[in-house]
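Reader: I have a model open and a few minutes. Can you walk me through some local features?
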Amino acid sequence: MNKPVVLIAEDLATAAIETLGPDVEVRHCDGADRAALLAAVGRADALLVRSATRVDAEVLAAAPHLRVVARAGVGLDNVDVDAATRAGVAVVNAPTSNTVTAAELACGLIISLARHIPQADAALRAGEWRRSRYMGVELAGKTLGVVGLGRIGKLVARRMAAFDMRVIAHDPNLSVHQAEQAGAELLSLDDLLETADFITVHLPRTPETTGLIGRDELRRAKPGVRIVNAARGGIVDEQALAEALREGHVAGAGLDVFTVEPCTDSPLFGLDTVVATPHLGASTVEAQDKAGVAVAHAVRRALTGELIAGAVNVHGGAVAKEVGPLLPLAENLGRIFTALADGLLPAGLHVEVRGEITRHDVAVLERAALKGVLTGTGDTPLTLVNAPLLARERIHEVWFTTSSECDRHRDVITVRGTLPDGREIGVRGTPAGPRQVGKLVGIGDYDIELGITGHMVFLRYKDMPGMIGTIGQILGEAGINIAVMQVARITEGGEAAVALTVDNAVPATVLDTLGEAIGASSAHFVDLTV
């Protein structure tokens, strides 16, 4: 069998490549070369990038086999997560890999601004001994304003508190108590700007945060303030910052990120009060190893069919080992539902999980059931990633409920819905035996217990003698062996339901003959092998 192809579009740590293991075929391309990327991604099952490769709808459309995009780093500015979700491609990153590294760089920029270290170094190397020009300030007793008190912001706050700095913070997502736990006093942005001697930014770039610190905010800031941005370019307005530096209202700026990168030409670079680095926030050996290894592990799990805990476009955490075996059952129930519905999608669909299994997070079972229901109803490849999105676009209402109460079985999954023509369809299943193999336990009002296997036939007909023999005869004449048959009825002489597992596919002509011979009100064949 061919090994899955992992396309690495940028330099990764050796440890990351080794983590992928021998069961994949590793290929390389230059992700910044658009033509090379589009040519190479067509065979990729997984794509590993850093920040220079743009993964958008065009790239995803050129990658029909792609199952996962992995960004060996924190931000996802270069990955179109919405387009990936629609394509059914999981997106993973390494959100904690560079927290320490990025925090340390921010601290380094703060210290450099306070003591003019890079400028003094450059002057001395140029043959100038100018001690008086590079008079600095002590950090002790100064106020540090942290804008964004997330993982990195908290690390910066704790480290700079060791320099005897007072720490204040602005973060609308935190409570006063949470800020106090990080050693910071929570303030509004305006109050922080008016109070801080140093300001350091630690936010993602979003429409809400772009330009957050602009001309008006800089004018409101305390005269002589020094500003550090080692988060994302564009959060601090670079043109406004340059003007404030030239005017002297801002005493210095430390920048590791820029609105457009790579950035080699900026009005900021001509100012002696600026310390600039080329986006080095994650550039340590340790951070690159951590990021690469983390996403390599995620890629391995994705290529074995696992739902990746922590994928940014799949809500929920790791799938409990008790829940995993129920995924095929939920998907197969969804596929049986759609077969019984003649391929029609319901106007409303209810997925229900009952029993002891609900002690765990079972939300993934809804995804599996929805994937099964949608299989064969459209052209878009279906995965656990995009099934909920597509279901809610194609089905008017979707409900998912759970209950710990279950009458006849330990755990039961039910998929039921109402078709546009008013028909009600429902199927129920349970995991059975030590291997938790899926078993059908009900169709509509009928109690039927039958193992779910590759080929299944479902019939409804008027209950009368000789029907079972006729079914066996017709299938036998067609060379189709019956493995197991279960018959159910609600009232004697009423309608009967029969479910069969057979050894091979049932052609449509045989199914039609069978239905006519027994006067079936419905006859369906389900092939769960495709």
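Author: One cut-off to start: buried means under 20% relative accessible area. By that rule His116 is buried, because its relative accessibility is 17%. Keep in mind that this is a predicted model.

Reader: OK. Where does His116 lie?
Author: His116 lies in the loop between helix 5 (99-115) and helix 6 (117-125).

Reader: What is its phi like?
Author: The phi of His116 is near 55 degrees. That is a positive value in a residue other than glycine.

Reader: And which residues is His116 in contact with, leaving aside neighbours within four places in sequence?
Author: Tyr134, Met135 and Gly136.

Reader: Now Asp342. What about its phi?
Author: Asp342 is not a glycine either, and its phi is positive, near 60 degrees. Asp342 sits in the loop between helix 13 and strand 13.

Reader: Is Asp342 buried or partly exposed?
Author: Partly exposed, because its relative accessibility is 49%. The partly exposed class runs between under 20% for buried and over 50% for exposed.

Reader: Ala347 next. Where is that found?
Author: Ala347 is in the loop between helix 13 (327-340) and strand 13 (348-355). With 37% relative accessibility, Ala347 counts as partly exposed.

Reader: How far apart are Ala347 and Leu370 in space?
Author: 14 Å, C-alpha to C-alpha. In sequence, Ala347 and Leu370 are 23 residues apart.

Reader: Leu370 is in which helix contact?
Author: Leu370 is in helix 14, in the contact with helix 15. From helix 14, the contact has Glu366, Arg367, Leu370, Lys371 and Leu374. They meet Ala387, Pro388, Leu390, Ala391, Arg392 and Arg394 in helix 15.

Reader: How do the residues of that contact divide by class?
Author: Six are nonpolar, five are charged and no residue is polar.

Reader: And the geometry of helix 14 and helix 15: how do the axes cross?
Author: Two packed helices are described by the angle between their axes and the distance between the axes. For helix 14 (residues 363-374) and helix 15 (residues 387-394), the axes come within 9 Å and cross at roughly 55 degrees. Helix 14 and helix 15 are therefore oblique to each other. The crossing of helix 14 past helix 15 is left-handed.

Reader: Now helix 16 and helix 17. At what angle do their axes cross?
Author: Roughly 155 degrees, for helix 16 (residues 467-477) and helix 17 (residues 508-518). Their axes come within 10 Å.

Reader: Why is that pair called roughly antiparallel?
Author: Because angles over 145 degrees count as roughly antiparallel. Helix 16 and helix 17 are therefore put in that class. Their crossing is right-handed.

Reader: Which residues meet there?
Author: Helix 16 brings Met467, Thr470, Ile471, Ile474 and Leu475. Helix 17 brings Val510, Thr513, Leu514, Ala517 and Ile518. By class, this contact of helix 16 with helix 17 has eight nonpolar residues, two polar and no charged.

Reader: Switching topic. How many aromatic pairs does the structure hold?
Author: One. Phe258 and Phe269 form it, edge-to-face, at 5.5 Å centre to centre with 85 degrees between the planes. Phe258 and Phe269 are eleven residues apart, both in the loop between strand 11 (250-255) and strand 12 (274-276).

Reader: Is Phe258 buried or exposed?
Author: Phe258 is buried, at 6% relative accessibility. Phe269 is partly exposed, with a relative accessible area of 35%.

Reader: Which peptide bond is cis, with Pro262 in it?
Author: The one from Glu261 to Pro262, with omega near 0 degrees. Pro262 is placed in the loop between strand 11 and strand 12.

Reader: Last one, Leu7. Where is that?
Author: In strand 1 (residues 5-8). Leu7 counts as buried, at 1% relative accessibility.

Reader: What does Leu7 touch?
Author: Not counting residues up to four places away in sequence, the list has Arg27, His28, Cys29 and Leu37. Ala40, Val41, Ala44, Ala46, Leu47 and Leu48 are on that list as well.

Reader: And how many Å separate Leu7 and Lys462?
Author: 58 Å between their C-alpha atoms. Along the chain, Leu7 and Lys462 are 455 residues apart.

Terms used:
Residues are numbered from 1 along each chain as its sequence is written. This is a predicted model: local features need pLDDT of at least 70, side-chain atom pairs count only at pLDDT 80 or more; totals for chains, interfaces and linings use all residues. Side-chain values use heavy atoms; hydrogens and water are left out. Rings of Phe, Tyr and Trp (its six-membered ring) pair if their centres lie within 6.5 Å; planes under 30 degrees apart count as stacked, over 60 as edge-to-face and the rest as tilted. Helices (H or I, at least four residues) and strands (E, at least two) are DSSP runs, numbered from the N terminus. Buried means under 20% relative accessible area, exposed over 50%, partly exposed in between (1.4 Å probe, protein chains only). Axes are lines fitted to C-alpha atoms, for helices over the stretch in contact, and angles run from 0 to 180 degrees between N-to-C directions. Angles under 35 degrees count as roughly parallel, over 145 as roughly antiparallel, 65 to 115 as roughly perpendicular and the rest as oblique. A crossing is left-handed if the near helix is turned anticlockwise from the far one by less than a right angle, and right-handed if clockwise. Contact means heavy atoms within 4.5 Å. Ala, Val, Leu, Ile, Met, Phe, Trp, Tyr, Cys and Pro count as nonpolar, Asp, Glu, Lys and Arg as charged, and the others, Gly among them, as polar.
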